[in-house]
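This report covers aromatic rings, charges over rings and a surface patch.

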Amino acid sequence: MDRSVTETATEAKPAAANGLIPLLYVARGLRGFGDGFAIILLPAYMTALGYDAIAVGIVATASLLGTALLTLVTGWIAPRHDLRRLLIAGAGLMAATGIAFPAVEHVVLIGLVAFVGTINASGGDLGVLVPLEHAVLAQRATDARRTQVFARYSLIGALCTALGSLAAALPDILVAAGGTQLAAFRLMFYAYAALGIACAVLYRQVPHASGEERAPQTPLGPSRGTVYKLAALFSIDSFAGGFVAQSLLVLWLFERFDLSLSAAGLFFFWSNTLSAFSYPVAAWIAKRIGLVNTMVFTHIPSSIFLILAAFSPNLYVALGLLLLRSALSQMDVPTRTSYVMAVVTPAERPAAASVTAVPRSLASAISPAISGALLMTAFPGLPLVVCGTLKIAYDLALLYSFRHIKPPEEQGR
């Protein structure tokens, strides 16, 4: 092939990547905005229908379990199918979820929609679209830029989730204007569906993967042992996190301190904002002390703050401790993703993203139902204590197991 043609093709690929990455950032932002209000409104909607904490916990479990199974299926078929089509299908499912929730009131039907749909009771970086977007971003980013790209991805998602949390106050405004509470909740679910449609439009701009781009994607091979060990450790972390899935944390604040919906939206706005700005800080820290050290040494203090929040004598102390936790607890998100993408071969990345995401979703699906029951005990802060203790154990195990396995950019340090 002529050298000038080769150089042109080589230059065109980064140019296309530079246009695709911002597009995925926008889609992540739209999804984050929808998640921001949907996660808060789901327990409020169920409470308005007359359901208790146990029912909310069961629905949260159904949501996370469905997310895990759908992510597993997606990871299995992703290496053999066009990622563009899978992204559009996931956005379509998001739209269908927003349309279905207002149509059901029985707890079994709510649980079924939660199981099949995309509203994730824990928030964060779980969901069928997350590993797909991770795989596309990893394909387009160099080793030098990979952590920065994932940090920006997480930053945009968290900032938009924070704005979405403020939107959770809209039902109160609609009720004050003369509407009913249930009608206001249903209108917000329709807004969630509209965001799904907008994401589908954006994903249509993702180029089809050529046969050359699809062929190298394979199931796990040489990195299988590393990925399985990471998946097992991430499962412990997610099982712990399920005890304080955001929907259940909202419910704890509602019942423990009689927090209003508008106040909850404002709190989670600041909570998600602090989490958002922790992502670029995490990328900066990781360049200096490494990805694994960043994950561990920011996570342990956040777990301590969570445990202390369980014993708070009043609302202000509890919110202060939870905000301190938010400033640290998500620093492992971009670093964890970057680390997984770095320690596997490029061909294994879609499978690795799924294999590490699915056990996390499955593990986090177990604990919300347990947490719902614990919230009704004499000490409703018990789920926070259990979560923090398990997370500290996970961090220590991760440091022990992976402190010597370095990603390419850290080798030689």
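## An aromatic pair

Trp 270 is partly exposed, with a relative accessible area of 47%, whereas Phe 269 counts as buried at 16%. Buried means under 20% relative accessible area, exposed over 50%, and partly exposed in between (1.4 Å probe, protein chains only). The ring centres of Phe 269 and Trp 270 are 4.9 Å apart and the planes stand at 70 degrees, so this pair is edge-to-face.

The model is predicted: local features need pLDDT of at least 70, side-chain atom pairs count only at pLDDT 80 or more, and totals for chains, interfaces and linings use all residues. Residues are numbered from 1 along each chain as its sequence is written, and side-chain values use heavy atoms, with hydrogens and water left out.

## Other rings

The whole structure holds 10 aromatic pairs. Rings of Phe, Tyr and Trp (its six-membered ring) pair if their centres lie within 6.5 Å; planes under 30 degrees apart count as stacked, over 60 as edge-to-face and the rest as tilted. A cluster linked by ring pairs contains Tyr 45, Phe 101, Phe 185 and Phe 189.

## Charges over rings

Lys 229 lies over the face of Phe 402, 5.8 Å from the ring centre, and Arg 28 lies over that of Tyr 153, at 5.7 Å. The criterion is NZ of Lys or CZ of Arg within 6 Å of the ring centre and within 35 degrees of the ring normal.
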